[in-house]
Amino acid sequence: MVGMKKKSVGLGRLSLMISMVQVLGAVGGGGVHPSKMRLVPAVYVLGDSTLDVGNNNHLPGKDVPRANKPYYGIDFPGSKPTGRFSNGFNAADYVAKNLGFDKSPPAYLVLKARNYLVPAALVMGVNYASAGAGILDSTNTGRSIPLSKQVVYLNSTRAEMVAKAGSGAVSDLLAKSFFLFGVGSNDMFAFAAAQQKLNRSATPSEVEAFYTSLISNYSAAITELYGMGARKFGIINVGPVGCVPSVRVANATGGCNDGMNQLAAGFDAALRGHMSGLAARLPGLAYSIADSYALTQLTFADPGAAGYANADSACCGGGRLGAEGPCQRGAALCGDRDRFVFWDSVHPSQQANKLGAKAYFHGPPQFTSPINFNQLANYNS
């Protein structure tokens, strides 16, 4: 009887895969190829604009950040904007590619609207990331899907998955799947903006309270997902936010804002320590922290070594450092987009996303801890 049950679940998944091959093209899905070697059965993505593949296109409100117009997507297959804040693929896509998928799983709100949520969730995963999202609910309130709400959506997805495939099959799937996190930059921007508005620097106690709130919410998200059955967490930490063109342009010299970078580095250290403690308390939890901060700083130190000609300006934008005008049709556009670290005034280029994901999977050990993304994907508790 046990053997018959396993066979039934297998046939059910095969049927779902065939169905997905037929329909996912309509929603910009990740391209299901049953013969392609995957390291994990599915990928679930939570985070901000660095990982968003179209959720914000389906949020109401004129102030919602969206990448639904040219020149976004100019290097994406079909040269069309998809909601990715990139000239092409973003970090979620390249992490998924390294895991054996064609690109990121589709956006949750797209799948939900078109009634493809459960098949996608069971066969390849779902992307819940939202541009502008923060670890704190107060970050960009009403203009994005905060991390806590993304977790709620994933929990509701899981309930629908269980109704379709059964609790045992879903638990096994989630335990083997890859949960990608990339969030926190918007919280740094919001905190810095609040201090600027007060025309003063934050006190050490205010910074500590800020970190405490961030870690509390981050921990709650990880713990809730663990309770749902997730075991493998790939976390991209917060990069040097004080060096993005939109921040540099406020400096007469075009230099980085060291205070914002220190704020991000302090959070990254707190997160690293907390994840170590969390793994010790939650049996079977495995994680890898990708050090976007260290990788980006190394790139800034010697852009040419990574193949870049420009590491401080936006490829698409206007004015000084390409950061004084939006990236839109008619904006100034650089000639060789693979030679720029930044696509627009905040977001990395497709090439930067590609090289970042490669470093997190196969690069030197200083860019990931305690294991790399490849080891995490192959981890068996």
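**Aromatic pairs and a helix contact**

Student: How many aromatic pairs are there by this rule?
Tutor: The count comes to 17 aromatic pairs, where rings of Phe, Tyr and Trp (its six-membered ring) pair if their centres lie within 6.5 Å, with planes under 30 degrees apart stacked, over 60 edge-to-face and the rest tilted. This is a predicted model, so local features need pLDDT of at least 70 and side-chain atom pairs 80 or more, while totals for chains, interfaces and linings use all residues. Residues are numbered from 1 along each chain as its sequence is written, and side-chain values use heavy atoms, leaving out hydrogens and water.

Student: Nice! What kind of pair do Tyr 72 and Phe 85 form?
Tutor: Tyr 72 and Phe 85 are edge-to-face, 5.8 Å centre to centre with 65° between the planes.

Student: And are those two buried or exposed?
Tutor: Both Tyr 72 and Phe 85 are buried (under 20% relative accessible area; exposed is over 50%, partly exposed in between, with a 1.4 Å probe and protein chains only).

Student: What sits over the face of Phe 89?
Tutor: Lys 97 does, at 4.2 Å from the ring centre; the rule asks for NZ of Lys or CZ of Arg within 6 Å of the ring centre and within 35 degrees of the ring normal. Phe 89 counts as buried, at 11% relative accessibility.

Student: Switching topic: which residues of helix 5 meet helix 8?
Tutor: Leu 147, Val 151, Leu 154, Asn 155 and Arg 158 in helix 5 meet Ala 221, Glu 224, Leu 225 and Met 228 in helix 8, contact being heavy atoms within 4.5 Å. Helices here are DSSP runs (H or I, at least four residues), numbered from the N terminus.

Methods:
Helix = DSSP H or I, 4+ residues; strand = E, 2+ residues; numbered from the N terminus.
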